[in-house]
Amino acid sequence: MSDATTTWNEMKRRHAEVCATGQVGIAPEPRRPAAAVLACSDARVPPSLMFGHPGELFVVRLAGNSATPGAIASLTYAVEQLDTDLVVVLGHTGCGAVQAALASDAPSTFDAIVTPIDEMLTACGDCDDIDAAVTANVRHNVRRLRRDRGPLGHAVRAGRVVLRGAIHDVRTGHLIDLDDHLDHDHQDHDHPSTPIPARSTS
Ligand SMILES: [Zn+2]
């Protein structure tokens with residue numbers, strides 16, 4: 001049996017175990033999520049587990065956590081249909097998608113992922129290193145959601161939905177709330193590259 005088949009069988013076994021607890025996986029009716037999270041696909045940063053909300057977060061994941069039209073449509077669904085009042089854009093240090101855009105060496109196969117980040121980098125005057133680029137990418141996508149012309153953007157600007165940006169540091173396990181490191185008046189500027197704070201030793 002191949003390793004992949006073994007992995008799949010193990011996944012099915014764990015699925016049965018986890019869902020048998022009744023804590024996740026059994027909810028015939030849609031429920032109001034505690035929050036909607038736009039996060040990277042990277043396996044190291046699973047929002048539902050990291051925020052301690054299994055089964056309670058509406059999670060949209062794609063490499064580079066870009067607010068693509070599909071991501072915006074999914075988040076809009078969470079806000080409009082499921083009544084979510086908190087949307088979080090979650091990036092992470094060491095993001096491969098951001099690194100690929102920074103290095104400009106990704107094959108064209110990945111254009112759909114890299115191009116939105118590339119455009120952000122072009123507008124960013126101070127994104128030469130990966131940490132600065134990751135930070136700018138989250139802020140860029142927060143701005144995209146805030147400026148969205150559809151119901152999501154309207155709800156944010158009307159104050160019905162709280163929009164936040166954060167970065168999970170995979171080196172320390174700490175969460176960096178970008179709203180703690182930026183004054184709100186500057187949040188809509190196009191060159192917001194306040195670097196990730198130095199690694200905490202605590
Ligand atoms: Zn990533």
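1. Of the 202 residues in the protein chain, 33% are buried (20 or more other C-beta atoms, placed from the backbone, within 10 Å of the residue's own). This is a predicted model: local features need pLDDT of at least 70, side-chain atom pairs count only at pLDDT 80 or more, and totals for chains, interfaces and linings use all residues. Residues are numbered from 1 along each chain as its sequence is written.

2. The protein chain has 7 helices and 5 strands (DSSP runs of H or I, at least four residues, and of E, at least two, numbered from the N terminus). Their order from the N terminus is α-β-α-β-α-β-α-α-α-α-β-β.

3. The largest nonpolar core contains 45 residues (buried Ala, Val, Leu, Ile, Met, Phe, Trp, Tyr and Cys joined through C-beta atoms within 7 Å). L38, L75 and L145 have the most contacts inside this core, and helix 6 gives the most to it, with 6 residues.

4. Leaving aside residues up to four places away in sequence, L75 touches A36, L38, V60, V87, L145 and L152 (contact: C-beta atoms, placed from the backbone, within 7 Å).

5. The axes of helix 4 (residues 96–103) and helix 6 (residues 130–146) come within 10 Å and cross at roughly 110 degrees (axes are lines fitted to C-alpha atoms over the stretch in contact; angles run from 0 to 180 degrees between N-to-C directions). Helix 4 is therefore roughly perpendicular to helix 6 (65 to 115 degrees). V98, Q99 and L102 of helix 4 meet I130, A133, V134 and N137 of helix 6.

Notes. Angles under 35 degrees count as roughly parallel, over 145 as roughly antiparallel, 65 to 115 as roughly perpendicular and the rest as oblique. Two residues are in contact if their C-beta atoms, placed from the backbone, lie within 7 Å. A residue is buried if 20 or more other C-beta atoms lie within 10 Å of its own, exposed if 12 or fewer, and partly exposed in between; C-beta atoms are placed from the backbone.
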